[in-house]
Amino acid sequence: MTSRDHLRSTAPRALRDPEALQARLEAVRTVPAVRPLNDWVENLRERLGDGESVPWFDPASGGVEARSLFLLEAPGQKSMGAEAALRRTGSGIISIDDDDPTAQNCWTLRDEAGLPYELSVHWNVVPWYLGTADRIAAPGRTEIQRAAPFLHEVISMLPALEVVVLMGRKAQAGWAAYQEQYAPKVHTLATWHPSPRVFASRPAARQEILNTLRQAADLLRSA
């Protein structure tokens, strides 16, 4: 058994279980593959120093060993943990196992695509929570530009990175802002944000995301 086997889920929304969540939180600073990323999170919280909340990287994911990076726009309410000033009902972790429908869609689509979670890490182009206790906000151009150097810091800690999957227009805008300053040598794949709202308004979106994830899986297998 590896240090992450006991953290892996067999169904979506695993972190709604208090015991599973506690085990995951206890592992954020002990699993070697994710410890450097979460040391960075703690440091970023100190650097921001203005009440912004940055969740942990998921110790069940690939961490610094990840070969693929999935980027969304900004943390959702269900990733906000007890230490966050605005939210106290979430996990505190960016995870496909979070108890929300977007995370569930990510979990299910990855499973269908045959893309093991331990090969990947999920993150956001803007790493801090935006909005109020009652309503999340989408990042604007100013926030995206401000976050680009922080994204570079994350990517610099992923030496095995081969594929970046950009999920949604904001993630694509964030990656474009990042590319204005840096030149990553990775495959990039763009697709829809996996939210229920997108699925409801664009019936083809789910299949298009699945096709993109299968493409990502093929790239990792052929490398």
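Two strands are taken to pair if DSSP finds at least two bridges between them. With this in mind, Ser 68 is found to stand opposite Ser 120 in β4. The model discussed here is a predicted one.

**The sheet**

The order β4-β2-β5-β6 describes an open sheet of 4 strands with parallel pairing. Its edge strands are β4 (120-124) and β6, each of which pairs on one side only. On average, neighbouring strands of this sheet are turned by 20° against each other, direction ignored. In a regular strand the side chains alternate between the two faces of the sheet.

Strands β2 and β4 run parallel and are joined by 5 bridges. Strand β5 (residues 163-167) pairs in the parallel sense with strand β6 (residues 187-191), also over 5 bridges. In this second pairing, Val 163 stands opposite His 187 in β6. Together with helix α5 (residues 169-181), β5 and β6 make a right-handed β-α-β unit.

**Ser 61**

Ser 61 is placed in the loop between β1 (56-57) and β2 (68-72). Is this residue, Ser 61, buried or exposed? Its relative accessibility is 1%, so Ser 61 counts as buried. A polar atom of the Ser 61 side chain lies 2.6 Å from the backbone oxygen of Asp 58. Leaving aside residues up to four places away in sequence, Ser 61 touches Arg 4, Tyr 117, Glu 118, Ser 120 and Val 121. Ser 120, one of these contacts, is the residue that stands opposite Ser 68.

**Aromatic residues**

The structure holds 6 aromatic pairs. In one of them, the ring centres of Trp 40 and Trp 123 are 6.2 Å apart and the ring planes stand at 65°; the pair is therefore edge-to-face, as planes over 60 degrees apart count as such. The pair links distant parts of the chain, since Trp 40 belongs to helix α2 (residues 35-48) and Trp 123 to strand β4, 83 residues apart. Trp 40, Phe 57 and Trp 123 form one aromatic cluster.

The table sets out the accessibility of three residues discussed above.

| Residue | Relative accessibility | Class |
|---|---|---|
| Ser 61 | 1% | buried |
| Trp 40 | 8% | buried |
| Trp 123 | 2% | buried |

The class follows from the cut-off, because buried means under 20% relative accessible area.

Terms used
Residues numbered from 1 in each chain as written. Predicted model: local features only at pLDDT ≥ 70, side-chain atom pairs only at ≥ 80, totals over all residues. Heavy atoms only, no water. Helix = DSSP H or I, 4+ residues; strand = E, 2+ residues; numbered from the N terminus. Right-handed = clockwise from strand over helix to strand, strands pointing away. Buried < 20%, exposed > 50% of the residue type's maximum accessible area, 1.4 Å probe, protein only. Polar contact = N/O pair within 3.5 Å; in protein donor to acceptor, adjacent residues only side chain to side chain. Contact = heavy atoms within 4.5 Å. Axes fitted to C-alpha atoms, helices over the stretch in contact; angles between N-to-C directions. Phe/Tyr/Trp six-rings, centres within 6.5 Å; stacked < 30°, edge-to-face > 60°.
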